[in-house]
Amino acid sequence: MKCREVVELMTDYLEGALSAIDRHRFEEHIAGCDGCRAYLEQMRITLSQVHRLADEPIPERVQEQLLEAFRSWKSTGRSTPS
Amino acid sequence: MGEASGAELEALKRGDEATFVDVIQRYHGPMLRLAMAYVRDHHVAEDVVQETWLTAIRALDRFEGRSSLKTWIFGIVINVARSRRRKESRLLPFTALLRRDDADRRQRTVDPSRFTAAGDWRALPNQWDNIPEARLIAGETLQRVKAAIEDLPPKHREVIVLRDVAELEAGTVSDMLGISAENQRVRLHRARAAVRKRLEEYLG
């Protein structure tokens, strides 16, 4: 397995989608290749960077409006009794 | 961000406000980012998130919990956002939609010039674990990630947001988008590789 091919298998590897044989070959390559090991680490850091986007806070105004809608549903708009 | 439990759904159905606030706070970032996979404008995306919650509140009594609360909510985001996009695209050409899918497994995600003819690295990628934490958590780095995601083809964007921002399961995402597991993985790979490349341009 060449570095050029290994980089294209990174997601399959991280997703656990490689066959047992390919997984073994992948891990064997990574163990002996500083470049691909660095690339795999970059992919992992990329994932954690992308996940930071989840932290965007809800604007106060939006939260108030939604809570208002939830309250009004609770008090009047129920389609079935609880 | 854990999967919403059945207990959470029951609390919402009872009208529990603390649970409602917790859920809208927790899902806001992923929902907004998902909406922006379809509509570019931040304000329109915020409208989509609001409309999603209003739709969900109205439908809450009828929702039986066959899928998780989270999957249900994100499914509504997609429906609302797609319909908003259709309305807008009548007014404004949405050129990104015309880009082709690119879900081609054979297409390389790393510049071929980075490798020798034999397929080995010419120069090794840098070790990012040496980058100071302060740089990784800086707002500037986050802006690069946002920009990279916004520049992705829409079909790659929706997959990376559902998987890596919303942290939905691979199988759930393939089902939601009506694509195969293989196709989902190819799109995810291309999306992640594109974001990595942009980060590399910035971080070195």
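**Entry 1: where the chains meet**

I looked up the contact between the chains and found 50 residues from chain B and 43 residues from chain A in it. Two residues are in contact if their C-beta atoms, placed from the backbone, lie within 7 Å. I noted that this is a predicted model, in which local features need pLDDT of at least 70, side-chain atom pairs count only at pLDDT 80 or more, and totals for chains, interfaces and linings use all residues. Residues are numbered from 1 along each chain as its sequence is written, while chains are lettered from A and ligands numbered from 1 in the order in which they are written.

I then listed the helices on the side of chain B that touches chain A: H2 (17-35), H3 (42-59), H6 (139-150), H7 (154-165) and H9 (181-203) each supply at least two residues. Helices (H or I, at least four residues) and strands (E, at least two) are DSSP runs, numbered from the N terminus. H2(B) gives the largest share of this side, 10 residues. By class, the side of chain B that touches chain A has 24 nonpolar, 11 polar and 15 charged residues. Here Ala, Val, Leu, Ile, Met, Phe, Trp, Tyr, Cys and Pro count as nonpolar, Asp, Glu, Lys and Arg as charged, and the others, Gly among them, as polar.

**Entry 2: the domains of chain B**

I found domain 1 (6-94) and domain 2 (101-203) in the domain assignment of chain B; such bounds come from an automatic or database domain assignment. The centres of the two domains of chain B, taken over C-alpha atoms, are 25 Å apart. In chain B, 11 residues of domain 1 are in contact with 10 residues of domain 2. On the domain 1 side of this contact, H2 and helix H4 (69-91) of chain B give two or more residues. H4(B) has the largest share of that side, five residues.

**Entry 3: H6 and H9**

Two packed helices are described by the angle between their axes and the distance between the axes. I looked up H6(B) and H9(B), whose axes come within 9 Å and cross at roughly 140 degrees. Axes are lines fitted to C-alpha atoms, for helices over the stretch in contact, and angles run from 0 to 180 degrees between N-to-C directions. H6(B) and H9(B) are therefore oblique to each other. Angles under 35 degrees count as roughly parallel, over 145 as roughly antiparallel, 65 to 115 as roughly perpendicular and the rest as oblique. The residues that make the contact include Thr141(B) and Arg144(B) of H6(B), and Ala194(B) and Tyr202(B) of H9(B). I counted by class seven nonpolar, one polar and two charged residues in the contact of H6(B) with H9(B).

**Entry 4: H7, H8 and the loop between**

I found H7(B) packed against helix H8 (residues 170-177) of chain B at about 145 degrees, with the axes 10 Å apart. Among the residues in this contact are Leu162(B) of H7(B) and Val173(B) of H8(B). Glu167(B) lies in the loop between H7 and H8 of chain B. Most residues other than glycine have a negative phi. Glu167(B) is not a glycine, yet has a positive phi of about 55 degrees. Glu167(B) has 14 C-beta neighbours inside 10 Å and so counts as partly exposed. A residue is buried if 20 or more other C-beta atoms lie within 10 Å of its own, exposed if 12 or fewer, and partly exposed in between, with C-beta atoms placed from the backbone.
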